[in-house]
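Please look over the sequence and the model shown here before reading on. The report below takes up a few places in turn.

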Amino acid sequence: MHTFKHLAAVFLILFAVESAYACMCLTRGGPCDSYGESAAIFVGRVVGSLEHKYVEKNGNKILYDVGTVKFLIQENFKGAPGYEIEINSGRGDGDCGYMFLRNESYIVYAYKSSEDNKLYTSICTRTKHVSEAKVDLGYLRS
């Protein structure tokens, strides 16, 4: 019985440490709230990144662009100067980073970091594939 208690305690400690690295997002508001909170909002096509991540799904390895991701601007709603932009995100390993598919279009809600003045996005924003952005695009285009 004593050994079981020790094993249970070790398991709980390991589980607590592992879960400490998990991404935690606050509830996001609608497009109106996110518009006011974002430094840049645009629809863009992913054209590259310096880092990549492979994820296996259904027996297939899928390549994602992660880290600093370059987009070609297709439609600018707020704060995205020019026709290209780089957005920083994590790697998707519990760091809340968004993993983007190359040559796919996304609506990106980016915020500016006060530490390095760069634009960032994450899974905690309303950033999503454009095929899932009907509500957002309806609001932003009106």
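## Basis of the report

The structure is a predicted model, and the residue numbers start from 1 along each chain as its sequence is written.

## Strand pairing

Strand β1, which covers residues 40-57, runs antiparallel to strand β2, residues 60-78, and the two are joined by 15 bridges. Where β1 gives way to β2, Lys 57 stands opposite Asn 60 in β2, and the hairpin that the two strands make has two residues between them, with Asn 58 taking a positive phi near 55°.

β2 also pairs with strand β3, residues 84-88, again in the antiparallel sense and over five bridges. Within this pairing Lys 70 stands opposite Glu 86 in β3. The hairpin formed by β2 and β3 has five residues between the strands, and in its turn Gly 79 has a positive phi of about 65°. As a general point, side chains in a regular strand alternate between the two faces of the sheet.

## Asp 136 in helix α3

Asp 136 belongs to helix α3, which spans residues 134-141. Its relative accessibility is 1%, and because buried means under 20% relative accessible area, Asp 136 counts as buried. The side chain of Asp 136 makes a polar contact, at 3.0 Å, with the side chain of Lys 128.

When neighbours within four places in sequence are left aside, the residues in contact with Asp 136 are Pro 31, Ile 107, Tyr 109, Arg 126 and Lys 128.

## Ala 22 in a loop

Ala 22 is placed in the loop between α1, residues 2-20, and α2, residues 31-37. With a relative accessible area of 41%, Ala 22 is partly exposed, since that value falls between the limits of 20% for buried and 50% for exposed. Although Ala 22 and Gly 94 are 72 residues apart in sequence, their C-alpha atoms are 4.4 Å apart in space.

## The largest pocket

The largest pocket has a volume of about 260 Å³. Its lining consists of 13 residues, and those that lie nearest the centre of the pocket are Arg 28, Ser 34, Glu 37, Cys 124 and Thr 125. Two or more residues of the lining are given by each of the elements α2 and β4, the latter covering residues 105-112.

The largest share of the lining, three residues, comes from β4. Sorted by class, the lining of the largest pocket holds five nonpolar, five polar and three charged residues.

Technical notes: This is a predicted model: local features need pLDDT of at least 70, side-chain atom pairs count only at pLDDT 80 or more; totals for chains, interfaces and linings use all residues. Side-chain values use heavy atoms; hydrogens and water are left out. Helices (H or I, at least four residues) and strands (E, at least two) are DSSP runs, numbered from the N terminus. Buried means under 20% relative accessible area, exposed over 50%, partly exposed in between (1.4 Å probe, protein chains only). A polar contact is a pair of N or O atoms within 3.5 Å; within protein, one must be able to donate a hydrogen and the other to accept it, and residues adjacent in sequence count only if both atoms are side-chain atoms. Contact means heavy atoms within 4.5 Å. Two strands pair if DSSP finds at least two bridges between them. On a 1 Å grid over the protein atoms alone, a cavity is a set of points where a 1.4 Å probe fits but cannot get out, and a pocket is an open set with protein on both sides within 12 Å along at least five of seven lines; lining residues have an atom within 4 Å of a point. Grid points are joined across faces, edges and corners, and a volume is the space filled by probe spheres set on the points. Ala, Val, Leu, Ile, Met, Phe, Trp, Tyr, Cys and Pro count as nonpolar, Asp, Glu, Lys and Arg as charged, and the others, Gly among them, as polar.
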